[in-house]
Amino acid sequence: MKSKKLIDYKIFVPALLIIIAISIPFALYEEESLALLNSIFAYIVEVFSWGYLWYGIILVGAGLYLSFSKYGQVVLGDPNEKPEFSFFEYASILIAMGLGSTVMRTGMLQWTSVANDPPIGVEPGSAEALLWGNAYSMFLWGFQVFAIFVMAAPAMGYILHVKKRPLMRISEACRVIFGDRFTDGWGGKALDILFLISILAGAAVTLGLGTPIITHNLSNLLGIEVNFGMTIIVTVIWVLLFSISAYLGIDKGIKRLSTLNMYLAGLFALFILVAGPGVFILSYFTDTVSFLLSNYVTISLNTESVHQGQTTHMQSNTVFWFAYSATWAMLHSVFAAKISKGRTIKEMILTYLLAPTLLSWVATGVLGGLGVHRYLTEDASILQFVQEEARMAAIPEILSTLPFGAVSIVIFMIVALIFLTTTLDSTTYTVAAYTSTRDMSKHEPSKTLRVVISAVITVVALVLMRIGGLAPLEVVSGLMGLPIIFIQFLLIYAAKRMMDEDQAWKYNIRKKE
């Protein structure tokens, strides 16, 4: 009986069953499913592109408003207590959670998509296309995406650390808007189930898309072909790592891995600069930042409306990226809220807006700069290679051109593996905390429950990888961003309303010495 009290089956089981119900038919009829889903997504791009672009801008504005208004000084917790983590530890955890392995997957090669399909009027593969490519790669890891990730966190942090509510759930944060009857009834359950569906789907997709980063590098290193057996072995090792980290918890597991990886990633970037084309990378990084800042508003609000029927990669991918990021928004916000005890609203929002953005720009500058340099000087077929072959296979080809190429590949795999681990152990921890029946304002989620969640995510991902259902589920994850966007704005309003009712900006602030 004790184990049954660890998890709220009323929200976890329906979410899992819905994921299975969605995944299996899409996997069995992948070609038809992708055609249907892509047609739906194409319609959304055509009709609602402007909405997604303004959505990102509005959230940045809301973040700046909450940070620099009277609400920014509100402390999430007892104003007399020190924050749970040092600033470096706190920023490292948010960076690892916010970027994860995806920046390793996109940083070196994202520019190729834009270089092959640049903005209208720019010649593919030209010098201008290369600048657009890396600038756009930086833009994808910019202020809008991290605003999407963090802007539900003030409400979640307030109910957990100030209100001391036992359940760390969206429904609890919305209680101030909808009242007790809705929150404690099926309305609240529906909100919580929606959260879990988006997170379980997103976690399975992340696991499925992240594994090739390791397998293709391993294949190049060992001279063997990528097969499902290798995928299983890599996935099992990876699952063991993030299960152990999640089991140990935030302080002993996630925090230590996150801070360790900051040092490893920094050393790897320094190695690329010293052993590789450092002068070119620094020059290209400078040009890219200049180009990005000069064109930031254009990229942020470009719908290509006057180019009838001509949608480029940048325009369609930006909509998908914002939609896909929205599915992860609740997870990032819930986790950010959990680790922000003792931080002010301003510290939480600005750290999430700035720290991951700056690190991702550096990572994209170094990795993307290396890829562009190799394209210009050694292998002019990179653009063709990523079109015709598995995209991830291009990464070890580029890394192998460095001195000690095999060592470079190994280090890259280690950094990517740790980033993947910190992303998924944060996910596992958050899902366990979200579904737990324990008082989350006082306790950690059950260690047993964290391991069970890890196993569920792994099984779903492996089954989908085996039967080919990841591609449809990835599009589904993007489509699920629509209802999440509505919930985000509800939670921003809920945070403001709770702080106004409590006059938290008067009574829950740090006292000036």
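## Contacts of P277

Leaving out residues up to four places away in sequence, P277 touches I272, L370, H373 and R374. This is a predicted model. P277 sits in the loop between α12 (228–275) and α13 (278–300). Its relative accessibility is 11%, so P277 counts as buried, the cut-off being under 20%.

One of the residues touched by P277 is H373. P277 and H373 are 96 residues apart along the chain, and their C-alpha atoms are separated by 7.4 Å.

## Overall make-up

The protein chain contains 22 helices and zero strands. Of its 513 residues, 60% count as buried. Among contacts between residues at least 6 apart in sequence, 85% join residues at least 24 apart.

The protein chain exposes about 20,400 Å². Carbon and sulfur atoms supply 64% of that area.

## Nonpolar core

The largest nonpolar core has 155 residues. Those with the most contacts inside this core are M108, M151, I170, M330, L399, F412 and L491. Helix α14 (residues 313–339) gives the most to the core, with 17 residues.

For M108, neighbours within four places in sequence are again left aside. The remaining contacts of M108 are L367, G368, L370, G371, I395, I398, L399 and F412. Two of these, L399 and F412, are also listed with M108 among the residues with the most contacts inside the core. L370 is in contact with M108, and L370 is also touched by P277.

## Helix α18

Helix α18 covers residues 405–435. At 1.5 Å a residue, its 31 residues should span 45 Å, and the end C-alpha atoms are 45 Å apart, which agrees.

Of the 31 residues of α18, 26 are buried, so the helix is largely enclosed by the rest of the structure.

## Nonpolar surface patch

A nonpolar patch on the surface is formed by Y43, V47, F48, W50, W54, I57, I58, V297, L301, L482 and F489. Together these residues have about 1,000 Å² of accessible area. The elements that give two or more residues to the patch are α2 (30–68) and α21 (481–502). Helix α2 gives the most, with seven residues.

Y43, one of the patch residues, lies in helix α2. Its relative accessible area is 53%, so Y43 counts as exposed, the cut-off being over 50%. P277, by contrast, is buried at 11%.

Methods:
Residues numbered from 1 in each chain as written. Predicted model: local features only at pLDDT ≥ 70, side-chain atom pairs only at ≥ 80, totals over all residues. Heavy atoms only, no water. Helix = DSSP H or I, 4+ residues; strand = E, 2+ residues; numbered from the N terminus. Expected span 1.5 Å × (residues − 1). Buried < 20%, exposed > 50% of the residue type's maximum accessible area, 1.4 Å probe, protein only. Core = buried A, V, L, I, M, F, W, Y, C linked by side-chain atoms within 4.5 Å. Contact = heavy atoms within 4.5 Å. Patch = residues over 30% accessible without salt bridge, like charges linked within 9 Å, V, L, I, M, F, W, Y side chains within 5 Å. Areas by Shrake-Rupley, 256 points an atom, 1.4 Å probe, with all protein chains shown as cover. Salt bridge = Lys/Arg side-chain N within 4 Å of Asp/Glu carboxyl O.
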